[in-house]
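Open the model in a viewer and keep the selection panel at hand. The tour goes from the contact between chains to the parts of one chain, and ends at a single residue.

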Amino acid sequence: MRVKILSGITLAFFFTFVFAFALWNVVVSFLRWEGLFPTPNFFGLNNYVSLWGYSPFNVALINTLFLTVFFVPLTLFIAILIAILLDQIKGGVFFRTIYMLPFAIAPSAAGIMWSWMFNPSNGTINNLLRLLGFNANIYWIIDRSLVMYSIMLGLIWQTSGYVTLIILAGILSIPIVQIEASKIDGASTLRIYFSIILPQLKEAILTAWLFLMIFAVKVFDFIYTLTGGGPGIASYVLGILLYNTSFIGLDFGKGSAIATLMVLYALIFYLIPRKVRR
Amino acid sequence: MKVNLFLYAIALFLAFFYLLPIWSCFTASVKTVEELSTTSPLFLPWRFNLENYIVAYNALKEGFLVSVAVSTATTILSLFFGSVCAFTLTKFKFKWNPYILGLIGLGVLMPFNAYLIPTVLVISAMGLYDTIFALIVVHFAFGLPTTLVLFTSYYLSIPDTLIEAAKLDGASDWKVFSSIISPLSGPIYVVVAVLRFTFTWNDLFYGLILTKQNRPIMTALAGLKGGEYAFAWNYLMAGTLLAVLPVLIVYILLGKYLIRGYMSEITKVQ
């Protein structure tokens with residue numbers, strides 16, 4: 001009896017917070033809800049319609065798409081290369097531990113570390129480039145046209161070690177006999193990776209891709225402490241826009257509409273891997 | 001052999017890239033303001049200026065206490081309720097159990113953005129805004145999908161025959177849980193504990209939207225960057241290192257479990 005009561009309490013928490021709240025969020029997105037406790041009026045699709053052509057939303061959407069189109073495949077590609085590298089050398093565990101380190105650091109703290117890296121006057125990257133003989137005076141996160149690339153560099157630093165680990169686990173799960181057999185047949189290392197290992201990595205790559213896609217749409221902490229969405233609104237992403245609209249602008253109706261769109265977007269990525277596997 | 005040396009060179013270069021931000025954070029944290037602009041961020045100063053750490057600690061100590069309390073309480077609650085609930089979901093033959101398990105999997109992938117606004121409204125309406133209690137409840141509840149996924153997948157690997165044998169001897173459900181399941185759960189308790197502690201400690205967002213004075217460590221740190229220490233990089237970097245230190249220690253000592261937690265969170269839901 002005690003077990004059932006405790007489990008019931010746990011599930012009540014789970015369903016209330018995770019599902020009832022998510023549904024409630026959808027309801028709020030159809031209301032005009034400004035300020036903390038107004039008398040909400042039905043607003044139809046107006047919250048959604050008002051996003052259309054609202055320039056911060058356009059910027060945020062484009063930047064989020066930028067991350068899914070560039071950051072995700074690039075990180076995946078880098079991680080596959082690093083996983084192959086670690087598979088080839090001894091001491092892979094040692095390097096793996098170092099490469100994973102950034103993922104253990106809080107994204108908000110990482111954002112602060114990188115704001116010093118990107119500091120234009122005597123920040124780490126510009127200083128390193130100067131030591132190497134370049135006349136570097138690059139405004140990494142102050143230049144509007146550069147800021148999203150700089151953010152992407154930081155995000156790659158934070159996630160690629162973890163993604164490498166997912167891929168590496170996939171490589172290590174391939175039976176060693178298969179690889180040995182093709183070695184005896186005289187296949188080159190490159191050929192073994194292309195014809196034997198890569199095709200069997202489908203599952204691991206799909207897992208990594210899914211993780212990165214969801215990471216890219218949720219990203220908030222790192223950008224919040226690094227640029228705060230600036231300069232101006234140049235590095236707005238959906239997460240930053242949602243926060244500013246809801247908790248700075250106190251327009252909860254519009255904020256909920258943004259959140260609902262983000263959930264729909266993430267749900268697509270929940271369903272795609274299921275389709276691919278069938 | 002030549003190829004091998006080349007590969008090690010690349011591996012070392014990558015290690016340099018991954019460690020550089022942490023290293024330059026450390027060098028800045030022991031410099032004076034003048035040294036920040038006159039010396040290279042790559043190198044340590046001649047004399048360590050440890051006063052930065054005292055300043056940063058004083059600015060962040062309330063945040064430390066809040067985060068210690070919230071992370072510890074969240075971890076304990078998650079271990080206790082999570083394991084009991086997962087036990088019910090896997091070892092009792094309720095007909096809706098498979099559906100609940102499916103929904104838990106979906107819950108893992110639900111972006112946290114979905115619950116933010118209702119959370120703020122409910123917490124404020126209950127008068128819990130700016131309390132440690134609110135942070136604990138929220139972290140416990142939103143951590144549940146992952147916690148339950150980890151526990152249920154572990155319990156599925158414990159054979160049912162063990163439990164049936166105990167039940168034939170007349171053991172109650174609670175007795176089965178506390179004397180059979182729980183002692184077998186050591187590794188998964190560590191995985192969940194490490195994961196929950198880390199996530200709660202690293203949280204910025206809930207601190208941002210649910211607190212004003214009682215801010216957890218990461219929110220307090222972000223506040224320093226946006227506020228009084230905006231350009232005092234030496235203080236800011238010392239504070240950043242202090243803030244990430246507990247999780248870094250966990251990662252170095254228990255990294256294996258942390259990684260296992262991360263991995264199952266992403267793979268078990270599919």
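How many salt bridges are there between chain B and chain A? The count is zero. Bear in mind throughout that this is a predicted model.

**Stop 1: chain B against chain A**

Show both chains and select the residues in contact. The area buried between chain B and chain A is about 8200 Å². Carbon and sulfur atoms give 81% of that area. Polar contacts do occur here, and 14 residue pairs across the interface of chain B and chain A are found, with both residues at pLDDT 80 or more.

**Stop 2**

Chain B has twelve helices and zero strands, so read the chain as α-α-α-α-α-α-α-α-α-α-α-α from the N terminus on. The C-alpha trace of chain B spans about 75 × 65 × 30 Å along its principal axes. Colour by accessibility: of the 270 residues of chain B, 59% count as buried. Among contacts with a separation of 6 or more, 73% are between residues 24 or more positions apart.

**Stop 2: the two domains of chain B**

Colour residues 1-49 of chain B as domain 1 and residues 52-269 as domain 2. The centres of the two domains, taken over C-alpha atoms, are separated by 33 Å. What does the contact between the domains consist of? Ten residues of domain 1 of chain B are in contact with eight residues of domain 2 of chain B. The area buried between these two domains is about 710 Å², and carbon and sulfur atoms give 67% of this area.

On the domain 1 side, select B:Cys25, B:Ser29 and B:Leu36. These residues lose the most area to domain 2 of chain B, and together they account for 53% of what the domain 1 side buries. Between domain 1 and domain 2 of chain B there are zero salt bridges, while five residue pairs are in polar contact, both residues at pLDDT 80 or more. Helix 1 and helix 2 (33-38) of chain B each supply at least two residues of the domain 1 side that touches domain 2. The largest share of that side, four residues, comes from helix 1 of chain B. By class, the domain 1 side has six nonpolar, three polar and one charged residues.

**Stop 3: B:Ser185**

Finish at a residue in a loop of chain B. B:Ser185 lies between helix 8 (173-184) and helix 9 (186-202) of chain B. Is B:Ser185 buried or exposed? With a relative accessible area of 0%, B:Ser185 falls under the 20% cut-off and therefore counts as buried.

How values were computed: Residues numbered from 1 in each chain as written. Chains lettered and ligands numbered in written order. Predicted model: local features only at pLDDT ≥ 70, side-chain atom pairs only at ≥ 80, totals over all residues. Heavy atoms only, no water. Buried area = accessible area lost by both parts, 1.4 Å probe. Salt bridge = Lys/Arg side-chain N within 4 Å of Asp/Glu carboxyl O. Polar contact = N/O pair within 3.5 Å; in protein donor to acceptor, adjacent residues only side chain to side chain. Domains from an automatic or database assignment. Contact = heavy atoms within 4.5 Å. Nonpolar A, V, L, I, M, F, W, Y, C, P; charged D, E, K, R; others polar. Buried < 20%, exposed > 50% of the residue type's maximum accessible area, 1.4 Å probe, protein only.
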